[in-house]
Amino acid sequence: MSLYRRVLIVGGVAGGATCAARLRRLDEEAEIVVFERGPHVSVATCGLPYWIGDVIQEEARLLQATPEVFARNFNVPARTGHEVTAIDRASREIEVRELASGRVYREPYDALVLSPGARPIRPACPGIDLPGIFTLRSIEDSRRIREWIATRQPRRAVIVGAGYIGLEMAENLTQRGLTITVVEALPQVLPLLDAEMAEPVSRHLETHRVDLRLGDGAASFEAGADGGLVVRTASGARLEADLVLLAMGVKPEVKLAVEAGLDIGEAGGVRVDDTMRTSDEHIWAVGDAVEVRDAVTGRWRLVPLAGLAHRQARVAADAIAGRPSRFRGAQLTSVCGFFGMTVAATGASEKVLRSAGTTDYDTVYLHPGDHAGYYPNARPIHLKLIFAKADGRILGAQAVGEQGTEKRIDVLSVAIQKGATVFDLEEVELCYAPQYGAAKDPVNMAGMIAANVLRGDLEPAPWSELPGTAALIVDVRDPHEFAADHIEGAINLPLGELRRRFEELPRASEIWLYCGVGQRSYYALRFLRQRGFNVRSLPGGYQTYWGFYP
Ligand code: FAD
């Protein structure tokens, strides 16, 4: 039983609802009350884009539970339409406003849990409040967008921001018949990915007629002549739209915490310890409002993901109930999908490692099929694995593909959590039948290639140094593949002719080999090495080249 007899929870969606339900399972005696300023609790926020796109056809399906269910099943009153406006830490009371009546009252607590979430970023640029410009966070936001679509029948949407919500919405608004322009200030989509992994995503979006404007932020909004809107970008482009969605990321809701004098961390979220306790011993905080330790780099970060909010909520409930749970930090495992493509990642990207000052890592790229090539409909998964040079510890992975993509990242996520190395990946035993995988699964392959690098059997040539390299670039694909396209300046010496013709290659200069995906160039490299050549291989071959040099 908990030391804390009266537990109040601010926010009744992902973190708040989970915390309440978990705490009740641990402590039947505690009085638990949830305060939610919106009209609903337990909303499936992650489903909102699909409700707008009509993939989910009833709004009610997004309501995982109601206040009645909370009262009946958990004996937890959930006061919807009640906003918590202040925390009086000295008297351990909160101030609440009942939104319908305006009544303000106070409630005492022994323990307080903050799960107020985050707000979509709405930059203060001219015209930002014009009708037809939306953000998406709640059921009410999605209702507004649905109603706009139903009544105005928009044809053109501009989505500002190419993060996962922006791209999920690109698909769902396409589904509703709109043509889509995505404006993104960064030079790539999906900032979580390294740039070369984002490149196939951009091309995929373009094949689905998404007009991508990368490296160009939205600067202002105006009413258009035809009753629509005009978005002007930083570069001066003029984009006409009938609907604008701002999907520029979120800011943690820290107002209550700031005003109460709780510690706010360097990333701008509520600072908590590993039991999710704030700088006040009676107050916990979870979800999008807090900053967490990056489990790979150890740095504080904002990581607004539902799985983390749920885990943190359980840790906070455990802590309040006197159990020794700990939050281990965030590994940033995430997935999103649009137009048949799946993009998933876990751990650190190269970008993040570099910004954390880590340089002692290496990367491999591979492009295996999601299942055995001889079984119909195998589709490539573009996979990047990042690992420590010193001991082979896995630091991060990114994958872009179709079916089976997220499964590989999930395996790699567990591997990172367990501190596994690339040598462990060589041995990991995964299920296989032709329609699901391969006898050497992409995860095994990633481990084998990385282990080859660490054992010195495969020396990668750095893609970044390709322009201007003095090395001889040798394409070991077949002549028809070379004829179709190749790296500028490369010569063609197909693998099948190598044993007969290898003396044509210079011994004095370094040779960089490549093929389609890296397999044939590895065979060629092993052969040439044993013949005394100074040879390296461009990781992931021509498929990777396109990511770096689109
Ligand atoms: P929320 O779930 O937002 O809950 C906070 C609640 O607190 C809100 O209902 C708010 O009204 C209430 N509140 C705030 N202040 C007060 C106050 N003062 N008084 C009373 N109530 C208050 N994550 C994933 O991992 N996968 C996905 O696919 C995914 N898809 C998403 C799609 C969309 C469109 C959005 C917007 C988010 C998505 N997320 C996804 C993120 C995920 O929804 C959040 O990480 C998660 O909801 C955070 O939980 P939370 O409890 O911190 O905040």
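The bounds come from an automatic or database domain assignment. That assignment also gives domain 3 (340-455) and domain 4 (463-548). I noted 56 Å between the centres of domain 1 and domain 4, taken over C-alpha atoms.

The model is a predicted one, in which local features need pLDDT of at least 70 and side-chain atom pairs pLDDT 80 or more, while totals for chains, interfaces and linings use all residues. Residues are numbered from 1 along each chain as its sequence is written, and side-chain values use heavy atoms, without hydrogens and water.

Of its 29 residues, Gly15, Glu36, Ser115, Arg137 and Asp288 come nearest. I sorted the shell into 16 nonpolar, eight polar and five charged residues, with Gly counted as polar and Asp, Glu, Lys and Arg as charged.

Next I checked polar contacts (pairs of N or O atoms within 3.5 Å). A side-chain N or O atom of glutamate 36 is 2.7 Å from a ligand oxygen atom. A backbone N or O atom of alanine 14 lies 3.3 Å from an oxygen atom of the ligand. For arginine 37, a polar backbone atom is 3.1 Å from a ligand nitrogen atom.

Finally, I recorded the cover: the protein covers 89% of the 980 Å² of accessible area that the ligand has on its own, by the Shrake-Rupley method with a 1.4 Å probe.

Definitions and conventions:
Near = heavy atom within 4 Å. Polar contact = N/O pair within 3.5 Å; in protein donor to acceptor, adjacent residues only side chain to side chain.
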